[in-house]
Amino acid sequence: MPAPYEIRAGGDVRNKKQSMADLKLRRLNELNSRLREDLERPRIRVSEASMSLIQYCQNTKDFMVPSIWGNVDKRDDPYAPQQPNACCSVM
């Protein structure tokens, strides 16, 4: 008469649990390294960043805002439509 119960090898379940634990550990280590990189990133104060942005906007000419910089000559404006006779051909 066969045995009603078989003894299973528990190694398969343990291997799956071990691989899941390894996967979790690897993910946590990756997250930890990303957080350390973020922590080491150089930072500046908001006031310094805003002053830098204001200086850039005051010193860099923006052709899209003529109310501040005045009208721009057509040949200096990169957004102006191109002249029809100023085309080139590729041979």
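This report walks through the fold, the surface and the one salt bridge of a predicted model.

## About the model

## Overall fold

The protein has three helices and zero strands, in the order α-α-α along the sequence. Here helices (H or I, at least four residues) and strands (E, at least two) are DSSP runs, numbered from the N terminus.

Of the 91 residues, 1% are buried. Buried stands for under 20% relative accessible area, exposed for over 50%, and partly exposed for what lies in between (1.4 Å probe, protein chains only).

## Surface

Accessible areas come from the Shrake-Rupley method with a 1.4 Å probe; for residues, only the protein chains shown count as cover.

Leu-28, Leu-31 and Leu-35 make a nonpolar surface patch of about 290 Å². Such patches take residues with over 30% relative accessible area and no salt bridge, joining nonpolar side chains (Val, Leu, Ile, Met, Phe, Trp, Tyr) within 5 Å and like charges within 9 Å. Leu-28 belongs to helix α1 (residues 11–40) and counts as exposed because its relative accessibility is 54%.

## The salt bridge

Which side chains meet in a salt bridge? They are those of Arg-41 and Asp-38, at 3.1 Å from N to O. The term requires a side-chain nitrogen of Lys or Arg within 4 Å of a carboxyl oxygen of Asp or Glu. Arg-41 is partly exposed, at a relative accessible area of 45%, and Asp-38 is partly exposed at 32%.

Note on methods:
Residues numbered from 1 in each chain as written. Predicted model: local features only at pLDDT ≥ 70, side-chain atom pairs only at ≥ 80, totals over all residues. Heavy atoms only, no water.
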